[in-house]
Amino acid sequence: LPTIKDPIMNIHEYQGKSILQAHGVAVQEGFLAETAEQAQLVAEELRKKFGTEIFVIKAQIHAGGRGKGGGVKIARSPAEAAEVASKMLGMTLVTPQTGPAGKMVRKVLVARDVYYKGESDIREFYMSVLLDRKRSAYVIMYSTEGGMDIEEVADKMPQAIFSEVIDSTCCLHDFQIRTIAFNLGLKGKAWKEMTLFIRGLWDAFIASDASLMEINPLLKTSDDLILAVDCKVALDDNSLFRHPELAAMRDLNEEDPTEVEATNNNLNYVKLDGDVGCMVNGAGLAMATMDLIQLSGGKPANFLDVGGGANAKTVEAGFRIILKDPNVKAILVNIFGGIVRCDRVAAGIIEAYKTIGDIQVPVIVRLQGTNATEAKVLIDSSGLKVIAASTFTDAAEKVRAAVRG
Ligand code: GDP
Ligand code: MN
């Protein structure tokens, strides 16, 4: 099932739907609203366009399960749409996917109701396109049981989940599309609409360098249209340089503030769940340092590569970011001065120490390479609670003492 560990950028449902629409894929139409007044205007617009009197107000957050958490609500007039939107906007929505802290709702999507004839003649499917690393191929995963969590379907009726593996030397074949539409039990117009939907979904997936496009529910309406009611999209971070219009969809409100701050300071930071923070230059040395921490009886609290151009400013930003983590009991700074001069890094550490103020945890510093001796003198004479270490073993012992103490 889709678990994404690669660098990805998530986007909102309304943005995902706009990508689909640009590739001719039919979606449950709607527009974004950031105020109750806008929600009312959108509903009036949808009424004019579709003659509908029922609207769906959907919280736009980077998490699913909104229906279960009260983030998807029906309104029976434009005035009611405004009322529902005003309650939803600004609320902290907790769903099975947000964690207990929930997520603040800043925007809602006001959509037209597409379940217009109630239960009769409607079907909810599941469909996703994703990269399957085990098979080294893209896969279209689909199921007759849409609407509920696909994990739940996998658990209770794994036989209801199908997948179509895409030939990586070629493309998605028409016969595969027909197979999917048949397996979903469709006929006539709905079957034809489904084949168009799948082709468009695949085109949208490839054209946007996505890692995942998941449509749940994928609806067959009572008049045999096939519509994306929901849309979850994860884009490949590494491809964003060639899609400025997609890169612009990034919503920093939805991302981990610490990681955003690190990116803004050109730091390569990954949060981990250990107790020893570390700041290192170069990814290789950073990995070795994490091993060292582990060997000393600690657990790395993060990966942090300050890069080749470490200076007082990056060192300070690094300290600030590491110290935001309440689990950190000690910090190990391990810098090899090749291009960077150790005395400059030492000056940066002392500077950061003074500006941040009141650093409670012991900081063990190992500076080796260009001007290491001068750096050690600076650290030792600074009068700060900084512990200088010279060798790797020395650093390990000092980390061990700090973690135990
Ligand atoms: P999620 O809970 O975050 O996955 O949000 P979805 O977009 O999947 O919506 C949740 C549920 O709301 C869907 O499974 C539908 O049952 C319901 N829903 C969505 N759109 C409509 C609609 O137009 N009319 C009605 N009656 N229900 C809808
Ligand atoms: Mn959904």
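**Burial, cores, metal and backbone in a predicted model**

Student: Is E13 buried or exposed?
Tutor: E13 is buried, at a relative accessible area of 4%. Keep in mind that this is a predicted model.

Student: Where does E13 sit in the fold?
Tutor: E13 is in helix α1, which covers residues 13-22.

Student: And what does E13 touch, close sequence neighbours aside?
Tutor: Beyond four places in sequence, E13 touches K58, Q60, R66, L109, V229, D230 and C231.

Student: D230 is on that list. Which metal has D230 as a donor?
Tutor: The manganese ion, ligand 2. Its protein donors are D230, through OD, and N216, through O. They lie 2.2 Å from the ion.

Student: What about the peptide bond from N216 to P217?
Tutor: That bond is cis, with omega near 5°. P217 lies in strand β11. Most peptide bonds are trans.

Student: Other backbone points. What is the phi of D121?
Tutor: D121 has a positive phi of about 65°, and it is not a glycine. D121 is in the loop between β7 (108-112) and β8. At 53% relative accessibility, D121 counts as exposed.

Student: And the phi of S136?
Tutor: Positive again, near 50°, in a residue other than glycine. S136 sits in the loop between β8 and β9. S136 is exposed, with a relative accessible area of 57%.

Student: Change of topic. How many disulfides does a search of the whole structure find?
Tutor: One. The disulfide joins C170 to C171, S to S 2.5 Å. Each of these cysteines is partly exposed: C170 at 44% relative accessibility, C171 at 30%.

Student: Now the largest nonpolar core. Which residues touch the most other members?
Tutor: L20, M127, I140, M194 and M213, out of 39 residues in that core.

Student: Which elements each supply at least two residues?
Tutor: Helices α1, α6 (174-183) and α7 (188-207). Then strands β8 (123-132), β9 (137-143), β11 (210-220), β12 (226-228) and β13 (232-236).

Student: Which element gives the most?
Tutor: α7, with nine residues.

Student: Back to M127. What is M127 in contact with?
Tutor: Leaving aside neighbours within four places in sequence, the contacts are I140, M141, Y142, I180, L184, M194, I198, L201, M213, E214, I215 and L218.

Student: How many residues are in the other core, the one lying apart?
Tutor: That core has 34 residues, among them I322, V340, V345 and V361.

Methods
Residues numbered from 1 in each chain as written. Chains lettered and ligands numbered in written order. Predicted model: local features only at pLDDT ≥ 70, side-chain atom pairs only at ≥ 80, totals over all residues. Heavy atoms only, no water. Helix = DSSP H or I, 4+ residues; strand = E, 2+ residues; numbered from the N terminus. Buried < 20%, exposed > 50% of the residue type's maximum accessible area, 1.4 Å probe, protein only. Contact = heavy atoms within 4.5 Å. Disulfide = S-S within 2.5 Å. Core = buried A, V, L, I, M, F, W, Y, C linked by side-chain atoms within 4.5 Å. Donors = N, O, S within 2.8 Å, 3.2 Å for Na, K, Ca; no water.
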